[in-house]
Every structure is written in structure tokens, then in C-alpha cells.
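Dear colleague,

Please find the structure and its sequence below. My account of what was found follows directly after them.

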Amino acid sequence: MENNKLNRDVNKLHIAVFPWLAQGHLLPFFQFSKFLVQKGHRVSFITTPKNHSRLPKNIIPSNLSHLITFVDLPLPPVDGLPDGAESTADLPIHKVPFLKKAFDGLQPNLTKFLQDSSHDITWIVHDFACYWLPPLANRLGIKLVFFSIFNATSMAFALPPSEMASDYRSRPEDYTVVPKWWKDMPYEVAFKLHEIESHWDCMDSDVSDFQRIKEVVEGCHILLVRTCPEFEPESLSLLKTLHNKPVLPIGLLPPFEPREDGDHNRWEALKLWLDCRKGKSVVYIALGSELSLSQESMHELAFGIEKSGLPFVWVINNRPLVEGKLGLNIIPSGFETRVSDRGMIWWGWAPQLRILAHPSVGGFLTHCGWSSVVEGLGLGLSLILFPGGSSDMGLMARLLHGMGIGLEIPRDEKNGWFSSDSVAESIRRVMVDEEGEAIRVKSGHEMRAIFGNVEVQNKYSNEFVEFLVRYSTESNR
């Protein structure tokens, strides 16, 4: 009995978790932390105080709360970073480089924490931004897992083989073509020029995001990817070919509602409104918590939604426009009145999973963030693809469009312009037109069977944790 107990204790790890300072990164990392403590491992979740306060409450069961410790590192001040800004959600896109400089400034306090021998941390599960972490962890004898919240296709596009010269892609235009190592892949993905130029605006001029990813991948022991082989087997195989280290899927991390509804009465009113609609007739429109469009683009989008003639719920976040302010004219004058018989606008944070799961909702006009795609396909919704101009959302749109899972709204390659007519046509094609039937079938059945299968997705999470324990045991022999 004592020997069995000893063996169980040896197999329990202490793991530090260190995400980038964005809600779309914090939540998957926190969800992963929940999975680790459910397996009996200890977690030190490292972030800043404000981001800690934003994490969903009551996600970690009370009987397991002793296994997770929150390490709040103060974000150092940086010229150009507004006071109180600790997340990309607090900033317009052109201010994000200052947040990356402040994030780099966490290194001394993180070093001090890791050096404390009482913490006995053996692994750090980290994000893309901390390019300086591998040499630090190596010096302290701590192993690294780079956890990519992006899927395997985006990672394979971003990560050239290690032997390829670092100046292979030095201009935005270099990312608008399929890379040289993209051989025998079934889908061609690349950025449009306006997308990569927009992303260029949120990168630190001293250390690009692509350089950060390159450094953390080269320095990690395991590359962990938020995907599953049922969805993109070719991309996972390519990643394994490109990088001489274990490349493992974590599964799709079935989503949870990130926080309790702030206004129960608002949800009940919306639910009653949805209850009166036909099944699969409503299109849900949400462009994520951080995408900001110009007023002109918001108006064009609104006119397209109106022209579609279909019932809709449109979530509009209270974020500044590109011009730097949130005006009363963010949507066209009279729009809400004209569509009041079939449309509902929800201002601010919305209970997205509840809305998506309602049987009257059949389509999702999305900015193509991976978490939103996972949510939509897990519920069998057809996707209208309107990718944001940062991160990997353009790559995601190309992949989903190429797979026949969604339809991308046509936009100008250089400036991102789109027309209200193309918005209306895309919505109608995906939701009701005969030529969109293949998309509805593939997303509603084939993809739902993958994305909505919690048992299969949890299997990959289980297999990774078992691999981590086995790797740790073998390394210590």
C-alpha cells in the first residue's frame, strides 16, 4: 500500500502555466490548468493582477482549489502603454507593441519566482511571446512545453524549418504566398496583404511575433497544439516533419462560458425572442472581443446584414473604433428601427455559448478566432467567414473556406474593402440558398461529430498528460 502511494506521488507534477496577456490566450490556458488539477497535478498560474481578476470564477472545483496557485506579477510601466492596460483587450491594435515590451519586462520577477527552490517546478507550459524563456528555463533545469492555442495549419504556416534562413520572410508581402515547405498539402493558406499589414501594426519592431514563435519552438521540449488529427491530419504531420521534437494534439478543449451572465434579465429577453424564431433560421454575428472596425466598415456590414433579409443577433462590443473612439454612429442611423422586426443588437459582452446553442440559431458570422470556430462547429453551425486583421484569422478563413466548412465574404486583397451586397449574398448562401447546402451538411454533421465530441477531445488531453508524466519519469532516470 505504501509503495503504491509513493508511486502515485512521484507521478504528480508541479507545472507553471504562463500565457500571453490576451483573453483569447488566458482562457484556453486556464482551461488547460483546470484539466491538469483534475488529474491531481499542481499548477502555478502566472499572469498579472488585472488578468487574474478577469479569469472566470468557480471554474476550478472547490475540492481541487488547493492544487492551483495564482502568481500575480506586476506589469512594469512602459512609455506608450496606457496606465492600467494589462491586456490586448485594453488597447487599440497599434498600442499592443508596448504591451509586448511590458510583458518582456516580467522576466526579472518570473526569474525570481522560478529560482525559489520551494516551488519545485519541473515544467512550464508557455505561450508564444516569451522568446527569452528557453535560456532561462534551461539554466534552471526546467523543461518547456510550448502550448499553441492556434491550430496546426496556422503553426505549420508560421514556422519554417529550422535550417531555413531567418530572412526568408522579411516583408508583409512574403506572407501572402504559400510557403516553400507547403508540399502535398490539400489546402492552400496564406494571408491577404491587408491582414498581414494589420498584424504588422501589433508587433514589436525589435522582436517580431514570428521571431518570438521561432525562438520558443526551437527552445521547447514539446510542441502542444490545440487541435485533433480528425480535423487536420496533414497539418499535424507536416509540423512533426518540420520540427525534430514531440508534436502532440491537446484536443480542441471543448468550451465553457467564461463568466456568469452580468444581466440575467437581458438573456431571458433574448431567449424569448429566439424562442419565437424557426429552427436554424437566425444568424449570429460576433467579431470577437478585440476586433475594431472603422465606422465605414461597420456601416457597410450593417447594410449587408439588413439586405440579407434574415433574422439575426448582432453582438457589438463597447470597444473603440480604429479612429480611437466609440461614437453613437457606430451603426447607421435608423438601422435598429428598420430591422426591429427581425433583428436584435446586443451591446457589450454576450453569453455566446448560450446563444449559439439555441435551436433557432443556424449560422455564425465570425471573425475566425479559433475559439469561436471551435464553439460554432461544436454546435453544428454553418460559418460565414469575416476574418479579423490580426493573429492567424486570415489563415483560418482560407482553411475553413477551402475545406467547404464555411464561406468567406469576398474582400479586397490590399485594403480589405468589402461591399454590403457581398455580405448579404454570403449570409443568404450559407443560411438558405440551395448552393450552400453542402456547407450546412458538412458543418452540421461531419464537423459537429468531431468538434462536439467531448469524449474524443478529452482523450487527447489525457494522452498528453500521460506523455508528460512518462517524459518526466524517463528524464529523471
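Predicted model: local features only at pLDDT ≥ 70, side-chain atom pairs only at ≥ 80, totals over all residues.

Lys 459 is partly exposed, with a relative accessible area of 35%; the classes used here are buried (under 20% relative accessible area), exposed (over 50%) and partly exposed in between, taken with a 1.4 Å probe and protein chains only. Glu 463 also counts as partly exposed, at 39% relative accessibility. These two side chains form a salt bridge in which the closest N and O atoms are 3.5 Å apart; the term requires a side-chain nitrogen of Lys or Arg within 4 Å of a carboxyl oxygen of Asp or Glu. Both residues belong to helix α19, four residues apart, or about one turn of the helix.

Residues are numbered from 1 along each chain as its sequence is written, and side-chain values use heavy atoms, with hydrogens and water left out. Helices (H or I, at least four residues) and strands (E, at least two) are DSSP runs, numbered from the N terminus.

Further salt bridges

The whole structure contains 19 salt bridges. In one of them, Asp 104 meets Arg 212, with 3.0 Å between the closest N and O atoms. This pair connects distant parts of the chain, since Asp 104 lies in helix α4 and Arg 212 in helix α9 (residues 209-219), 108 residues apart. Asp 104 and Arg 212 are both buried.

Another salt bridge links Arg 440 to Glu 437, at 3.0 Å from N to O. The two residues are three positions apart in helix α18 (residues 437-451), so about one helical turn separates them. Arg 440 is buried at 19% relative accessible area, whereas Glu 437 is partly exposed at 39%.

The sheet

An open sheet is formed by seven strands in the order β3-β2-β1-β4-β5-β6-β7, with parallel pairing; two strands pair if DSSP finds at least two bridges between them. At the edges are β3 (68-72) and β7 (247-249), each of which pairs on one side only. Neighbouring strands are turned by 25 degrees against each other on average, direction ignored. Axes are lines fitted to C-alpha atoms, for helices over the stretch in contact, and angles run from 0 to 180 degrees between N-to-C directions.

Strands β1 (residues 14-18) and β2 (residues 42-47) run parallel and are joined by four bridges. Val 17 has Phe 45 as its bridge partner in β2.

Two helices may be described together with the sheet. Helix α10 (residues 233-242) lies across β6 (222-225) and β7, at about 155 degrees to β7. Helix α19 (residues 454-475) lies across β1, β4 (123-126), β5 (143-148), β6 and β7, and runs at about 170 degrees to β6. Contact here means heavy atoms within 4.5 Å.

Aromatic rings

There are 24 aromatic pairs in the structure. Rings of Phe, Tyr and Trp (its six-membered ring) pair if their centres lie within 6.5 Å; planes under 30 degrees apart count as stacked, over 60 as edge-to-face and the rest as tilted. Phe 18 and Phe 103 are stacked, at 5.2 Å centre to centre and 15 degrees between the planes. Phe 18 is in strand β1 and Phe 103 in helix α4 (residues 96-104), so this pair ties together parts 85 residues apart in sequence. Phe 18 and Phe 103 are both buried.

Trp 314 and Phe 335 form an edge-to-face pair, with 5.9 Å between centres and 85 degrees between planes. Trp 314 lies in strand β9 (residues 312-316) and Phe 335 in helix α13 (residues 335-338), 21 residues apart. Both of these residues are buried. Ring pairs also connect Phe 18, Trp 20, Phe 103, Phe 128 and Trp 132 into a cluster.

Helix α16

Nine of the 11 residues of helix α16 (residues 393-403) are buried. Among the elements covering them are α7 (152-158), α8 (193-200) and α18.

Kind regards
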